[in-house]
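Please look over the following chain before reading on.

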Amino acid sequence: MNFSPVISALGGLRDNVALRGMALSFSLRIGTTGLSFLLIWLAARTLDEHHFGTYSMLFSAAGLCSVVATLGQQIFLMRAWSEYTSAERPDLLKGAMLFSLLACVGGGALIGLSFYAWFTHSHEAFLTSAVMAYFVSMAILLTTSHLSRTAIGNMVGDGLSALLVILPPVGYLSVCVALNRVADTGLIFLTMAVGATVALLAQLALTIQKTLTLFPGFLSIKPEFSITDWRDRSLKLWISNSLEAANQYADVVIIGFLMSPTVAGAYFVTTRIANAFAVASTALYLFSTRHISNLYYAGRRPQLDALLDTAAFVTLGIIAAGLLLILSTGHWILGLFSPEYEPYYAALALLTVGTAAVTAAGSSGSILMLTGHEGRYLKIIGCAIAMRTVGFFVLIPLFNITGAVVATTISFIWMALMLRRSAKQLAGLDGSVLRLFGWLQRRNVPASAE
């Protein structure tokens, strides 16, 4: 096999515009991930094991509720921006923005009040209100972040929001550590809610400014609505996003229910370490979704293929580095949070394999959602969650947390394979690292032809 094309391509990566954009996304994601780990570490150090487990369960429940409350508007609005700006239809864009605004406000109110009515019976009113304020503000912020990422860039869409949400609780917990005081769980969520609200207002102002730059008469344009189409599209995206959130957050809540908050806290830490691959997959998602949508609807297939090739190279390198780092230092990392978590190394190693598989799927899920195949994405995520949930109820009573880890890993691997296969079949795009085999075949010129 002739490897000269590979060497040549690697040498040209430094001049790759897409790679520079990904490097910015990775830098943002690494910084915010580091702050997230700092937040978890500070919470684990300032709360006892039971209260940290309760915080972990509430954080996971709030994350799930925030996505459900968006009613599918994150991807809908991102897709609408790319579709209607490319077609120069500011009337439809304005209608879509108003539609999303009403959906988010309505969803936040419905889920927020339902959560308060249910949760206030078993917890104090201040904690319930703080958690509700956090996930309602996050629900709207998730939507504006997706829009501003597409309209302006990752620095505003992701860097600004992540920093403003994480820094306030980190500051509060740092003061608690310095003064040797026990942290209040409600205040942790309240500081995050304040940060999310500030980020939301900043993104709205910047996005409005960008919209007026593209369409100077935007405020006076009469909005055009396509309610039936938008409703059907939003419903599919809502179910898909809700299932995806359940895929990310429900594990900790279920384990807390089946076992205890203390074990849920240990599992929460373990999954967050294993999900260090999310630095790669999420950074690629943040960068790629913006450009996949624009390139796809503009019909620029060669540029889209080049983008996916670059993303696959970067993902492969991250997977290799991540496996080496986590498997070699897992004991030490677990011990940083608490010596009680060190026995969970075997669970961490197995979870790492599963998260690596999901990372290897690359942009496959985004491709399905952004190209009109939300239904298939919905089926895959739904089946993966059902598979893992059944595994929890069957395996946890028999093998405790090891059973939960096995169920999670199997569902992750199956989900990654199905996402990659469906993206190829339905959209004609392979967003996984396996596309590099095709790249090698295309670039490996036979010796007789040289």
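## A helix pair

At what angle do helix α3 and helix α10 pack, and how far apart are their axes? The angle is about 60 degrees, and the axes are 7 Å apart. Helix α3 covers residues 49-69, and helix α10 covers residues 261-274. Axes are lines fitted to C-alpha atoms, for helices over the stretch in contact, and angles run from 0 to 180 degrees between N-to-C directions. The angle makes α3 oblique to α10. Angles under 35 degrees count as roughly parallel, over 145 as roughly antiparallel, 65 to 115 as roughly perpendicular, and the rest as oblique.

The crossing of α3 and α10 is left-handed. That term applies if the near helix is turned anticlockwise from the far one by less than a right angle; clockwise gives right-handed. On the α3 side, the contact (heavy atoms within 4.5 Å) is made by E49, H50, F52, G53, T54, S56, M57, F59 and S60. From α10 come P261, T262, A264, G265, F268, V269 and R272. The contact residues divide into seven nonpolar, seven polar and two charged. Here Ala, Val, Leu, Ile, Met, Phe, Trp, Tyr, Cys and Pro count as nonpolar, Asp, Glu, Lys and Arg as charged, and the others, Gly among them, as polar.

## How the model is read

This is a predicted model: local features need pLDDT of at least 70, side-chain atom pairs count only at pLDDT 80 or more, and totals for chains, interfaces and linings use all residues. Residues are numbered from 1 along each chain as its sequence is written, and side-chain values use heavy atoms, with hydrogens and water left out.

## Single residues

L71 sits in the loop between α3 and α4 (73-86). L71 is not a glycine, yet its phi is positive, about 55 degrees. L71 is partly exposed, at 29% relative accessibility. Buried means under 20% relative accessible area, exposed over 50%, partly exposed in between (1.4 Å probe, protein chains only).

E88 belongs to the loop between α4 and α5 (90-119). Its phi is also positive, near 55 degrees, in a residue other than glycine. E88 is exposed, at 62% relative accessibility. I239 is in helix α9 (residues 227-258). I239 and I381 are 142 residues apart in sequence but 9.7 Å apart in space, C-alpha to C-alpha.

## The whole chain

The chain has 17 helices and zero strands. Helices (H or I, at least four residues) and strands (E, at least two) are DSSP runs, numbered from the N terminus. Of the 450 residues, 52% are buried.
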